[in-house]
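The following paragraphs lead the reader through a protein structure, from its overall organisation to a few individual residues. Please keep the sequence and the model in view while reading.

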Amino acid sequence: MKKTFLTLIFLAPFIVFAQTLKEYHASNGRIYHPGDTVRVGLGSMPDGNFKYIQINELIPGPPRRNGSTLSAHKDMSGSNYVIKKIKNEKQMSGSEKVIFTIRTGGLPTCDIWIEEAIASCEVTPCADQKAAASSKFSVADELLKLKKLLDSGAITQAEYDAQKKKLLAE
């Protein structure tokens with residue numbers, strides 16, 4: 001009895017509650033399902049390896065999510081991987097993480113902390129690409145406004161050309 005109690009006390013910090021999801025609406029605008037592919041971008045660590053894509057260990061035991069995990073190698077960059085499972089993990093701290101388990105073509109599998117990976121561009125499309133796309137639309141909108149001003153005679157052709165050059169240089 002005492003041994004069981006001590007074991008539970010030891011494992012308590014590692015216990016997470018996971019819920020398997022059938023789909024996930026990510027912050028990059030994509031809806032992911034098990035069986036879909038996810039495209040890996042560039043690693044965000046200084047050596048080019050991945051911080052939010054981590055190799056699952058072949059040795060069973062409690063998950064190590066404390067920085068001592070095995071980061072995926074930069075060789076994964078630019079590849080597509082099939083999503084095996086999507087889970088929403090509630091941590092003991094009360095926070096939640098959505099994690100994709102992907103097949104890498106062999107053993108072991110990898111886990112992607114999807115929102116963190118999107119924010120750091122370890123998964124594409126990522127947050128920076130979404131921001132770049134929206135800024136392109138705003139440049140196009142500004143060009144349309146300038147064209148209307150030119151057509152109405154509110155600005156000259158020279159003013160239009162100067163503003164257009166400035167907008168396209170951004």
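A residue is called buried when its relative accessible area is under 20%, exposed when over 50%, and partly exposed in between, using a 1.4 Å probe and protein chains only. By this criterion, 30% of the 170 residues of the protein are buried. The model is a predicted one, in which local features need pLDDT of at least 70 and side-chain atom pairs count only at pLDDT 80 or more, while totals for chains, interfaces and linings use all residues. Residues are numbered from 1 along each chain as its sequence is written, and side-chain values use heavy atoms, with hydrogens and water left out.

Helices (H or I, at least four residues) and strands (E, at least two) are DSSP runs, numbered from the N terminus. The protein contains four helices and ten strands, and their order along the sequence is α-β-β-β-β-β-β-β-β-β-α-β-α-α. A contact means heavy atoms within 4.5 Å. Among contacts with a separation of 6 or more, 56% join residues 24 or more positions apart.

The interior can be described through its nonpolar cores, which are sets of buried Ala, Val, Leu, Ile, Met, Phe, Trp, Tyr and Cys residues joined through side-chain atoms within 4.5 Å. The largest core has 25 residues, of which Met76, Phe100 and Ile112 touch the most other members. At least two residues of this core come from each of strand S4 (37–40), strand S7 (80–90), strand S8 (96–103), S9 and H2. S8 supplies the largest share, four residues. Beyond its neighbours within four places in sequence, Met76 is in contact with Val40, Phe50, Ile53, Tyr81, Ile102, Thr104 and Cys110. A second, separate core has seven residues, including Val139, Leu143, Ile155 and Tyr160.

Strand S9 (residues 110–113) also holds Asp111. Is Asp111 buried or exposed? With a relative accessibility of 3%, Asp111 counts as buried. Its side chain forms a polar contact of 3.4 Å with the side chain of Asn56; such a contact is a pair of N or O atoms within 3.5 Å, where, within protein, one must be able to donate a hydrogen and the other to accept it, and residues adjacent in sequence count only if both atoms are side-chain atoms.

Two features of the backbone remain. Most residues other than glycine have a negative phi, and most peptide bonds are trans. Cys121, in the loop between helix H2 (114–119) and S10, has a positive phi of about 65 degrees although it is not a glycine. Thr124 and Pro125 are joined by a cis peptide bond, with omega about -5 degrees. Pro125 is located in the loop between strand S10 (123–124) and helix H3 (127–152).
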